[in-house]
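Q: I'm new to this one and would like to learn how to read its salt bridges. Could you walk me through them?

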Amino acid sequence: MADKLGLPLLLPNPPPSKSIFQDPQPPFTVPSNQPLAPFLNDLFHHQNFPSNSTQSTHFPQSTNFPSPIPRTARRRIGKHSDFNKGKPWNPHRLSPQEHYVEGSELDIESLGFDILGIIKGLGYYKKGDLALNVFEWVRNRPNSGVLLNGSVIAVIISMLGKEGKISVASNLLHNLHKDGFCIDVYAYTSLITAFARNGRYRDAVMAYKKMEEEGCQPTLITYNVILNVYGKMGMPWSRISSVFESMKNSGVVPDAYTYNTLITCCRRGSLHEEARQIFEEMKLGGFLPDKVTYNALLDVYGRSRRPKEAMEVLREMEVHGFSPSIVTYNSLVSAYARDGLMEEAMELKSQMTEKVISPDVFTYTTLFSGYEKAGKDESAMRIFEEMTSAGCKPNICTFNALIKMYGNRGKFTEMMKVFDDIRTFGCSPDIVTWNTLLAVFGQNGMDSEVTGVFKEMKRAGFVAERDTFNTLIGAYSRCGAFDQAMVIYRRMLDAGVTPDLSTYNAVLAALARGGLWEQSEKVLAEMKDGRCKPNELTYSSLLHAYANGKEIDRIHSLAEEIYSSVIQPHVVLLKTLVLVYSKSDLLVETERAFSELRSRGFSPDITTLNAMLSIYGRKQMVTKAAEIMNFMSDSGFTPSLTTYNSLMYMYSRSGNYEKSEQLLMEIIAKGVRPDVISYNTVIYAYCRNGRMRDASRIFTEMKESGIVPDVITYNTFVARYAADAMFIDAIEVVRYMIKQGCKPNDSTYNSIIDSYCKLNRRDEALAFINNLRKLNPHVSKEEKTRLSARLMKK
């Protein structure tokens with residue numbers, strides 16, 4: 001399977017692509033209207049260019065030629081000696097000083113400085129189009145190659161980049177290179193910076209590689225920019241550290257900005273150990289950490305789910321005289337909220353208020369997301385109301401969090417209303433908005449909606465980047481479309497997107513859902529070999545792979561490593577152990593994992609509590625299930641659809657089976673959309689107790705609500721009818737399900753054969769097998785052989 005996946009996942013280099021300078025947009029054309037041309041034309045007209053650029057041009061000794069360097073002579077404020085100042089330009093009304101210029105032979109170097117000064121000045125006054133006109137006009141003059149030096153080119157490229165005219169900048173540099181102009185490191189650095197500033201990171205990397213191919217030695221600024229780009233792209237730490245080592249080996253000394261950038265690069269992969277090493281190296285290099293350094297390091301610990309270490313950085317920061325800012329506190333709040341430690345997160349918010357630091361939209365949105373993830377919807381909405389009451393306007397991050405909350409609760413009407421309201425509040429959907437919609441629909445197994453949203457996203461002008469590909473891999477695998485998930489992975493590689501830790505974890509999660517634990521172990525081995533450092537989500541997926549693959553001994557082995565701290569007993573892993581043991585129906589082990597979670601000071605979230613409720617429900621431990629529900633109520637948790645499904649399951653197997661339909665009606669009244677599991681559970685409750693009319697009624701309501709019955713739905717009816725010797729009805733159900741496009745499985749036919757045998761009607765069972773092709777023309781010979789063998793054993 002690993003070979004099938006094309007592992008190793010990481011590409012050593014990006015795939016070949018078009019020239020960095022080529023762009024699908026049309027090349028820039030210079031407008032005919034060039035207001036500065038007469039002045040420049042006059043300069044060129046009176047300029048006698050030497051045939052050899054190395055010659056110097058001589059000026060009359062009496063000429064006081066104005067230097068391009070700022071003058072030192074002082075002038076009284078408000079006075080000006082030129083009586084023509086402010087009048088339209090006319091060559092017959094030159095001031096005496098300008099007549100010297102007209103009659104002088106300007107040297108090329110001086111003229112080059114003037115051109116640079118004009119372009120810089122126009123850029124300063126936001127006259128970018130005019131500056132580009134000047135540049136193109138000079139470019140079309142004789143000897144422009146010596147006038148447009150590297151500094152001029154770098155300035156115009158940088159100017160275009162700041163204005164967001166990346167296509168113009170890219171095409172310009174391409175054409176200059178093609179026309180033989182000297183493109184130096186400063187021009188390349190300006191283009192790399194322009195690409196990076198506008199989020200075109202892959203283009204920035206290609207420009208950097210082109211620069212190296214041309215033999216240009218990167219400067220300190222070049223290295224700093226490309227390191228920042230690698231960090232934004234989520235490049236593996238080995239690639240980032242390789243650039244850093246090349247920088248030092250080439251004699252370029254890192255500065256404080258370099259170290260701050262490297263620490264920031266550690267955020268995406270949760271590389272807290274590497275960040276600390278860079279921090280220490282920075283101090284050994286003689287650089288004093290500043291507020292940016294401490295905030296970056298603190299954020300790395302926060303993203304690594306290490307709030308204690310983050311608090312230590314805060315204390316060290318204050319000891320060295322740096323007061324925490326809103327950025328500092330937001331990182332700390334995020335660190336605690338990520339782990340569901342909402343009491344600590346709210347305490348930090350109180351500290352902010354005491355220090356006269358007002359919470360901003362990021363503070364509120366982080367707290368909102370923390371409560372939503374914990375399953376405490378009421379607390380989340382209180383935070384949202386507090387934010388709006390404080391006059392803090394929600395941003396796109398807030399709307400994305402609302403979309404996620406409603407989507408996770410199956411409230412798709414409310415979710416889409418939030419999506420529609422985004423523009424009403426002056427925001428625009430971003431790539432995270434679309435990724436959130438993809439994840440929500442994938443989580444709910446709605447593969448057609450996933451495909452539809454992805455098409456809409458592309459139609460809206462968004463290009464899939466790594467996070468989108470990772471989301472799609474997870475979404476399709478949750479829908480059971482593992483092959484489609486791998487197609488997305490291939491597309492990701494073909495698009496030149498380098499996989500990162502999130503990609504590895506997305507693929508591992510997809511493998512886990514299929515119980516492919518052997519392939520999961522191979523992926524983990526590659527990560528450990530240095531391609532990507534595993535984190536708690538990596539081991540969480542491995543545990544799920546073992547559980548779905550029925551490898552209970554391997555779960556036990558990994559669990560002991562976590563309990564004994566061989567593997568960091570992260571809250572995510574302890575919660576995962578509760579989930580996998582509950583899923584494996586191991587009560588003692590589930591309760592131990594839950595106890596370990598609580599004893600280590602971690603709070604359970606809604607998912608963990610649902611796992612406990614599920615196993616208690618399956619074991620018909622009604623009292624224990626009630627304790628969990630009381631705990632959820634007392635702690636402010638909002639029951640989810642999974643909560644209700646677990647309760648319905650428990651009641652459907654009990655004497656109080658009608659309670660399952662009451663719960664179904666309750667969730668519908670609350671605006672939560674039931675899923676196929678909800679309806680199947682209630683149908684089973686009535687079928688199990690022989691109330692087929694009620695079961696049929698629920699089946700009709702299920703279809704009317706838009707839920708498509710699955711093979712389990714139909715098998716429930718088939719099994720009940722067959723058990724009651726109502727074989728005609730059972731076979732009619734099979735015929736109906738085939739007509740509806742639902743393929744029967746082994747259990748469908750087994751229940752009919754077994755019921756015939758139980759009633760000692762073997763001849764009819766054999767006749768059923770022989771006539772099976774009439775019922776299902778697509779039944780295989782292997783299936784008929786299997787059923788015949790089953791009949792022989794009865």
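Q: How many salt bridges does the count come to?

A: Side chains of opposite charge can pair when their charged atoms come close. The rule here asks for a side-chain nitrogen of Lys or Arg within 4 Å of a carboxyl oxygen of Asp or Glu, and the count comes to 43 salt bridges. Keep in mind that this is a predicted model, where local features need pLDDT of at least 70, side-chain atom pairs count only at pLDDT 80 or more, and totals for chains, interfaces and linings use all residues. Residues are numbered from 1 along each chain as its sequence is written, and side-chain values use heavy atoms, leaving out hydrogens and water.

Q: Which residue forms a salt bridge with Arg267?

A: That's Asp299, with the closest N and O atoms 2.8 Å apart. The pair links distant parts of the chain, 32 residues apart: Arg267 sits in the loop between helix H13 (256-265) and helix H14 (272-284), and Asp299 in helix H15 (residues 291-303). Helices here are DSSP runs (H or I, at least four residues), numbered from the N terminus.

Q: Is Asp299 buried or exposed?

A: Buried means under 20% relative accessible area, exposed over 50%, and partly exposed in between (1.4 Å probe, protein chains only). Asp299 has 13%, so it is buried, while Arg267, at 27%, counts as partly exposed.

Q: What other salt bridge does Asp299 form?

A: Asp299 also pairs with Arg303, at 3.2 Å between the closest N and O atoms. Both lie in helix H15, four residues apart, about one turn of the helix.

Methods. Helices (H or I, at least four residues) and strands (E, at least two) are DSSP runs, numbered from the N terminus.
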